[in-house]
Amino acid sequence: MNIWIARHGQTDYNKDMLMQGRSDAPLNENGIAQAKAMRAMIGDVRFDAVYSSPLVRARKTAQILGNVPESELHIDPRIIEVDFGRYELHRYYLLGPRMISYWLLPELLPAPKTVEPVSSMVERSVSFLKELEQQDYENVLVTCHGGIMRALCGYLDDRKSQLMWRPKPHNCEIRVFASADGAHSYVRDYRL
């Protein structure tokens with residue numbers, strides 16, 4: 001099975017450099033254009049199933065990338081974005097040293113109060129992917145967010161920390177992994 005992990009296209013909050021976790025902002029015009037350009041880049045690949053976070057920016061991206069109507073999406077709350085708590089919708093450069101340090105080195109530093117810890121992100125990701133791997137798909141698309149994507153990719157890259165924190169995923173970036181009999185391998189990525 002090839003598992004295609006995609007980050008949603010740009011929103012106005014992304015453009016304004018705000019921490020966007022559970023805030024449910026739609027794609028902006030650029031985000032829609034990114035998703036369409038990425039769909040053209042991946043060509044005629046057909047997905048046996050398309051999974052999405054419940055947030056509207058991920059659902060719209062999933063529809064475009066997966067070339068499916070919204071009614072065919074498999075919505076899963078386990079792949080929703082990280083809960084940034086009191087840091088939600090704050091500018092990146094005004095988060096303060098504790099949150100900035102944590103977001104740079106979450107493998108080493110504890111999450112600030114009100115922020116979802118890495119252990120929760122990993123638990124959600126592993127639960128989702130182990131269940132997904134039981135399906136009989138050739139190609140499956142999973143559309144999510146920049147934070148949770150790092151835990152999903154960490155599991156699929158067999159990282160000890162179960163995080164692939166760096167490099168930071170860009171809007172509409174896709175990372176493809178192969179999964180067979182419990183073994184994983186990186187296939188390729190797609191970036192605009």
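In which hand does helix 5 pass helix 6? Before I answer, a word on the source. This is a predicted model, in which local features need pLDDT of at least 70 and side-chain atom pairs count only at pLDDT 80 or more, while totals for chains, interfaces and linings use all residues. Residues are numbered from 1 along each chain as its sequence is written, and side-chain values use heavy atoms, with hydrogens and water left out.

Let me begin with the chain. It has six helices and six strands; these are DSSP runs numbered from the N terminus, helices being H or I of at least four residues and strands E of at least two. Along the sequence the pattern is β-α-α-β-α-β-α-α-β-α-β-β. The C-alpha trace spans about 45 × 40 × 25 Å along its principal axes.

Now to the opening question. Helix 5 passes helix 6 in a right-handed crossing, that is, the near helix is turned clockwise from the far one by less than a right angle, anticlockwise being left-handed. The axes of helix 5 (residues 118-132) and helix 6 (residues 146-156) come within 9 Å and cross at roughly 55°; axes are lines fitted to C-alpha atoms, for helices over the stretch in contact, and angles run from 0 to 180 degrees between N-to-C directions. Helix 5 is therefore oblique to helix 6, since angles under 35 degrees count as roughly parallel, over 145 as roughly antiparallel, 65 to 115 as roughly perpendicular and the rest as oblique.

Strand 5 (residues 174-180) runs antiparallel to strand 6, and seven bridges join them. Within this pair, Val-176 stands opposite Arg-188, and Arg-175 has Asp-189 as its bridge partner. The two strands form a hairpin with two residues between them, and Asp-181 in the turn has a positive phi of about 50°.

Methods: Two strands pair if DSSP finds at least two bridges between them.
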